[in-house]
Amino acid sequence: MLLEVERVSKSYPGLPVLHDVSLTAADGEIVCILGPSGCGKSTLLRIIAGLETADAGRVLFDGQDMATVPPHRRRFGLMFQDYALFPHKDVLGNVAFGLRMAGLPGAEIRRRVQEALTLVGLSGYERRRVTELSGGEQQRVALARSLAPRPRLLMLDEPLGALDRALREQLMNDLRGILKQVGVMALYVTHDQEEAFALGDRIVILRARPELGEGGRVEQVGAPQKVYRRPASSYVARFLGLHNLIEGQVIGPWSGGELALASAPARSGEDLAAPMPRADAFDPVLVQTSLGVLIAADLTRPHAAGERVIVLIRPEAAARCPAAAMPNVVQGRVKEVSFRGSYHLVRTEHAGGIVLTSEATVAPDQIWQIGETVCLRLNPAAITLLEVAESNWRSSEFDICGHSGYDEGRLRRSHKPCQTIHA
Amino acid sequence: MKQRATLSSLLFLFPLAFLAVFFFYPLVLVILRSFAAEGRFDLTPLLTIWAETYFRRALWFTVWQATASTALTLALGLPAAFVFARYRFPGKRLVQALTTIPFVLPAMVVSAAFMALLGPRGWLNELLMALFGLPRSPIRLQQTIWLILIAHAFYNTSVVVRLVGGFWAHLDRKLTDAARVLGGSRWRVFFEITLPLLLPAIIAAGLLVFLFCFTSFGVILILGGPQFATLEVEIYRQAVTLFRLSDAAVLSLVQMGLTFVIMAVYSRAQTRAAVPLNVRSAEETALPAITWPGKAFVGLTVGGLLLFLAVPLFSLALKSLALPDPLRFYRELFMNRSSSIFYIPPGLAIRNSLLFATLATGLSLVLGTLTATALARSRGALGRWLDPIVLLPLGASAVTLGFGYILAFGRPPLDLRASPVLVPFAHTLVAFPFVVRTLLPALRGLNPRWSEAATILGAAPWRAWREIDLPIIGRALLVAAVFAFTVSMGEFGATLLIARPEFPTMPVAIFRLLSQPGALNYGQALAMSTLLMLVCAAGFFLIERFRVGEIGEF
């Protein structure tokens with residue numbers, strides 16, 4: 001079985017929602033649709049469910065065009081963000097609803113309800129009123145209700161969005177377990193990259209550009225690890241919480257002559273001479289940036305000299321080192337330090353006002369003091385080059401020092417005074 | 001989607017047509033009658049009326065009694081609102097529900113109840129006379145302004161408790177906590193934080209009470225006697241007793257104008273009362289009284305309120321029982337003691353009332369459901385335009401409406417004088433806004449996701465409606481039906497003007513019995529009032545049991 005969404009577009013009067021969106025999902029696969037609010041993710045689910053009609057494009061399931069199939073005959077499941085549990089029915093009544101609509105006999109309904117409730121860990125809750133349940137329990141009832149009729153495709157619209165953080169962590173894990181156990185094909189919509197990473201077999205990143213009058217379109221598709229490691233654009237990088245993005249120009253291939261210098265042992269004693277394992281064997285290049293000359297070793301394609309690129313320095317790239325004048329060693333002043341348990345989140349300001357956010361391993365002999373001048377060595381294997389998207393420069397400002405971490409503001413332009421690179 | 005929208009606006013045409021014929025047409029005739037009695041436009045009647053002493057007296061009396069009643073009601077209602085909003089005590093829900101009973105009681109019942117308690121032959125006087133061997137009744141409130149004010153306060157205290165108390169209960173306690181921490185004394189905080197936040201709600205409640213007292217009719221007619229006449233009573237007197245239709249029309253016009261002004265001010269105040277505050281659930285903000293003064297205050301307020309509301313009703317029920325033979329007055333209701341063949345036993349009024357109420361309930365439910373559905377679905381201009389129109393009948397006074405019916409349906413093209421259908425139609429009109437207001441929140445509260453979820457789970461559209469929408473709004477429908485029924489059972493003003501003599505309703509029969517001398521008539525009036533009270537109280541308990549939101553959200 002296969003779900004194929006082909007070039008779907010949708011707009012409401014004066015509001016473009018989806019622009020030429022295509023995606024596929026295979027049997028048993030969990031596909032996460034990731035994007036900020038307003039990028040049309042929920043509308044996409046509603047179109048697939050048949051609750052809305054697309055202006056253009058097709059939805060095919062198992063090769064059959066769904067256009068003529070009304071929503072109640074599609075045998076899909078949709079879990080709403082607010083769960084939409086029927087307030088006048090108890091847990092049993094909610095979970096049994098789809099089974100009753102399918103015309104199953106009473107005994108079978110009871111058995112299947114039992115099965116679904118056990119699956120979500122709520123057996124014994126049959127007679128409880130749904131309005132008396134906690135948020136997490138409601139979420140589980142909604143899941144059981146969607147799963148009980150054994151839908152051919154289960155769609156989940158931000159199912160964890162309404163829950164608090166601790167509960168989300170737990171349910172995130174449970175959810176993947178349950179979905180995999182049932183083996184249902186699932187489309188999972190979220191704006192939270194952590195959820196997408198934890199749940200998805202594949203991630204589809206949507207991006208809307210309302211300022212250009214454009215609804216959501218697919219920005220990148222791929223396995224979670226791949227998307228994180230190789231964001232297709234600076235937009236994706238920033239959306240995933242990667243904010244160290246600097247404009248640069250390729251100088252040429254790196255001869256390897258300065259390797260000894262570049263990877264001199266760090267103060268903490270770790271040996272970076274053996275860089276992170278590389279998936280692709282493209283030769284590292286030297287890039288001229290405002291930070292100085294950097295070696296980028298994590299490349300997706302060969303780069304020619306003179307090419308303009310965006311340099312992405314991953315937060316795990318930096319480690320403290322003694323001052324030295326060589327590629328990949330940069331000097332800066334510590335602006336902010338916050339302790340995050342297994343690492344320090346450090347923001348350092350460098351030449352030209354560039355701010356880098358780093359996740360520095362917590363080591364007993366390393367104390368970060370605000371205002372202190374430090375030297376950082378950036379691991380070439382944690383530096384990758386992104387394409388310069390035309391629109392980034394056209395939209396006139398390119399925020400390279402937005403908030404780091406997972407706060408809500410990450411998608412907006414930073415209000416802190418920060419460096420912007422103009423085209 | 002588009003088709004559904006067109007269909008729903010088409011369905012709305014039925015209620016609109018009904019409103020046009022049975023509301024706007026009579027009112028337009030009233031207006032025409034006062035402007036152009038002789039077929040040409042003439043402002044003279046409207047100007048000369050100001051020279052009439054009776055008119056100025058009625059207008060002045062209407063305004064000042066409504067003001068005094070509102071002040072008294074607020075004085076009684078605000079402490080109770082505070083107690084209900086901020087304290088938790090055993091039996092609170094029940095007490096809160098009981099305080100709403102007067103809201104559904106007909107004016108005739110309330111008037112009879114106060115006569116049974118404070119009238120010359122009332123309980124209190126009989127008790128005092130027996131105790132002190134007095135030859136005459138010591139309390140002479142009957143036919144004074146005091147009895148009117150007390151009855152109005154009895155009626156409307158629950159409005160203040162519900163509106164202000166409800167708003168107060170949802171005020172975040174943290175606001176006053178914050179002010180206290182910032183150094184404000186208890187009283188400073190009350191005057192600088194709580195009162196300004198409550199003021200819109202108090203003003204809205206005050207205006208609503210003022211509007212109710214402004215259009216008060218039955219209470220004044222029975223308890224006030226001939227020397228007190230509000231505009232409403234004056235319209236009735238001019239139209240029915242003196243048969244001066246043109247004067248009645250001019251009075252009605254003035255009355256209409258004033259009530260619509262009050263309505264407009266009220267709805268503005270009410271919008272302001274709906275400031276987007278950080279709303280807390282009522283349970284969260286109420287705490288049990290801990291200190292002794294606190295406990296005493298709660299106890300006295302709640303006890304006093306219950307006593308004030310319960311004693312008149314109990315005296316009514318007790319007084320309706322004759323001494324040697326308790327049920328005598330009840331039996332008399334069904335007997336024809338007069339030798340006249342035109343005599344209608346008062347008991348027949350019970351049958352009439354039940355019949356009319358059933359018809360009015362059915363009709364207002366159909367019209368109200370259509371209207372509420374259209375309103376719930378329509379967004380934007382249509383809704384903004386329709387909503388006030390639906391509410392208009394609330395603002396029109398009952399007597400004006402009845403007078404309009406006399407003008408409109410007493411002659412061709414719609415000569416319905418001989419037909420009793422006018423009464424249920426008038427009742428439908430009075431109940432209609434209540435029905436719409438009860439159904440609308442339920443319909444708006446229907447989460448569209450519910451039926452979508454049902455659809456995705458395999459329910460065809462009609463099945464989703466039957467399984468999801470209908471059961472959920474079912475309770476609201478029931479509440480609306482009971483509301484319409486009680487409103488119709490108790491309607492007095494319009495009915496008095498349009499009911500055929502041979503088809504009296506219960507309130508009309510009570511009025512007739514009370515206006516006739518003799519202990520037997522008096523006893524029968526109390527018996528009939530008790531029956532009506534029981535019907536309305538039963539309706540009220542059904543409403544309380546099944547209502548979804550707050551009643552009194554108007």
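What radius of gyration would a compact globule of 554 residues have, and what does chain B have? In this predicted model, the rule for a globule of that length gives a value near 24 Å, and chain B comes in at 25 Å, so the two agree. Along its principal axes, the C-alpha trace of chain B covers about 70 × 65 × 50 Å. Chain B is built with 26 helices and four strands, and 47% of its 554 residues count as buried. Among contacts in chain B with a separation of 6 or more, 80% link residues 24 or more positions apart.

Over in chain A, helix α4 takes in residues 135–147. Its 13 residues should span 18 Å at 1.5 Å a residue, and the end C-alpha atoms do sit 18 Å apart, so expectation and model agree. Because 10 of those 13 residues are buried, α4(A) is largely enclosed by the rest of the structure. The buried set includes A:Gln138, A:Arg140, A:Val141, A:Leu143 and A:Leu147. Packed against the buried residues of α4(A) are β6 (76–79), α2 (91–101), α3 (106–119), β7 (153–157) and α5 (165–182) of chain A.

Further along chain A comes a hairpin made by β17(A) and β18(A), with four residues between the strands. In its turn, A:Gly352 has a positive phi of about 75°. Strand β17 (residues 343–350) runs antiparallel to β18(A), and seven bridges join the pair. A:Arg347 stands opposite A:Thr357, which lies in β18(A). As for burial, five of the seven residues of β18(A) (residues 355–361) are buried, so this strand, too, is largely enclosed by the rest of the structure.

Terms used:
Residues are numbered from 1 along each chain as its sequence is written. Chains are lettered from A and ligands numbered from 1 in the order in which they are written. This is a predicted model: local features need pLDDT of at least 70, side-chain atom pairs count only at pLDDT 80 or more; totals for chains, interfaces and linings use all residues. Helices (H or I, at least four residues) and strands (E, at least two) are DSSP runs, numbered from the N terminus. The radius of gyration is taken over C-alpha atoms; the globule rule is 2.2 Å times the number of residues to the power 0.38. A residue is buried if 20 or more other C-beta atoms lie within 10 Å of its own, exposed if 12 or fewer, and partly exposed in between; C-beta atoms are placed from the backbone. Two residues are in contact if their C-beta atoms, placed from the backbone, lie within 7 Å. The expected span of a helix is 1.5 Å times one less than its number of residues. Two strands pair if DSSP finds at least two bridges between them.
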